[in-house]
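Hi,

Here is the structure I promised to pass on to you. Have a look at it first, and then read my notes below.

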Amino acid sequence: MAECRTREQVEAYLAQIFNPDRRFQPYPIGEIGWLVLPEQSPEEINPGGTNLVIDAETGVVIEYPSWSTTMIADDFREAKATGRHPAGGQIYPPLWRLSIQRTQETPETIGYRVQALSQANPPEGSEEYEITIDKQTLRRRGYGQRAGSAVARAEWQSRQDGSWPERLTWEE
């Protein structure tokens, strides 16, 4: 993982993860992490936007809802001290690697074998399962970890060129 002990290290790390032209303001949370606020132009100001925290030790990037900076810092400090998960959600590094492989297709439905591999540390468990998607309603038969994400990604890809993907892999 990336070393995130100095402002320069944090800025370089953010440039690797996000668009290098995107600007952030990092503020230390003691020695344990960084509260990262996105810089916004006057046209972009979004009072309900999200903020990030980078764990200085692990480099994990956590996205928090539109809480006050004090609430975010307090939650992160408490989470680190007690070992619980922070209230925000991890956005980097990706927690899952998903793959879909088409198994069947009719004019009304499409079937996929889904593989969901946990990349969390420790892993949350991985699995393979089958889903069948109704092309009109997008309802699915079959369930498993991240099945909703598999349906959404396959449907999004089908809207790009008009055909459902045969095979697709992504991380989230």
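The buried residues of α3 are covered by, among others, β6 (96-105), β7 (109-118), β8 (127-134), β9 (140-141) and β10 (167-171). Please keep in mind that this is a predicted model.

Which residues of α3 are buried? They are Ala147, Ser149, Ala150, Val151, Ala154, Glu155 and Ser158.

Helix α3 covers residues 147-161, and at 1.5 Å a residue its 15 residues should span 21 Å; the C-alpha atoms at its ends are 22 Å apart, which agrees. Just after α3, glycine 162 has a positive phi of about 90°.

I also looked at one residue in this helix, serine 158. Its relative accessible area is 11%, and because the cut-off for buried is under 20%, serine 158 counts as buried. Apart from its neighbours within four places in sequence, serine 158 is in contact with Ser163, Trp164 and Pro165.

**The chain as a whole**

Three helices and ten strands make up the secondary structure of the chain. Along the sequence they follow the pattern α-β-β-β-β-α-β-β-β-β-β-α-β. The radius of gyration is 19 Å, well over the 16 Å that the globule rule gives for 172 residues, so the chain is more spread out than a compact globule. Along the principal axes, the C-alpha atoms fill a box of roughly 55 × 40 × 25 Å.

Of the 172 residues, 34% count as buried. Among contacts in the chain with a separation of 6 or more, 39% are between residues 24 or more positions apart.

**The largest pocket**

This part may be of use if you plan to look at pockets. The largest pocket has a volume of about 640 Å³. Its lining consists of 23 residues, and those nearest its centre are Val60, His85, Pro86, Gln90 and Asn121. The largest share, three residues, comes from α2.

How do the lining residues divide by type? Eleven are nonpolar, eight are polar and four are charged.

Best wishes

Conventions:
Residues are numbered from 1 along each chain as its sequence is written. This is a predicted model: local features need pLDDT of at least 70, side-chain atom pairs count only at pLDDT 80 or more; totals for chains, interfaces and linings use all residues. Side-chain values use heavy atoms; hydrogens and water are left out. Helices (H or I, at least four residues) and strands (E, at least two) are DSSP runs, numbered from the N terminus. The expected span of a helix is 1.5 Å times one less than its number of residues. Buried means under 20% relative accessible area, exposed over 50%, partly exposed in between (1.4 Å probe, protein chains only). Contact means heavy atoms within 4.5 Å. On a 1 Å grid over the protein atoms alone, a cavity is a set of points where a 1.4 Å probe fits but cannot get out, and a pocket is an open set with protein on both sides within 12 Å along at least five of seven lines; lining residues have an atom within 4 Å of a point. Grid points are joined across faces, edges and corners, and a volume is the space filled by probe spheres set on the points. Ala, Val, Leu, Ile, Met, Phe, Trp, Tyr, Cys and Pro count as nonpolar, Asp, Glu, Lys and Arg as charged, and the others, Gly among them, as polar. The radius of gyration is taken over C-alpha atoms; the globule rule is 2.2 Å times the number of residues to the power 0.38.
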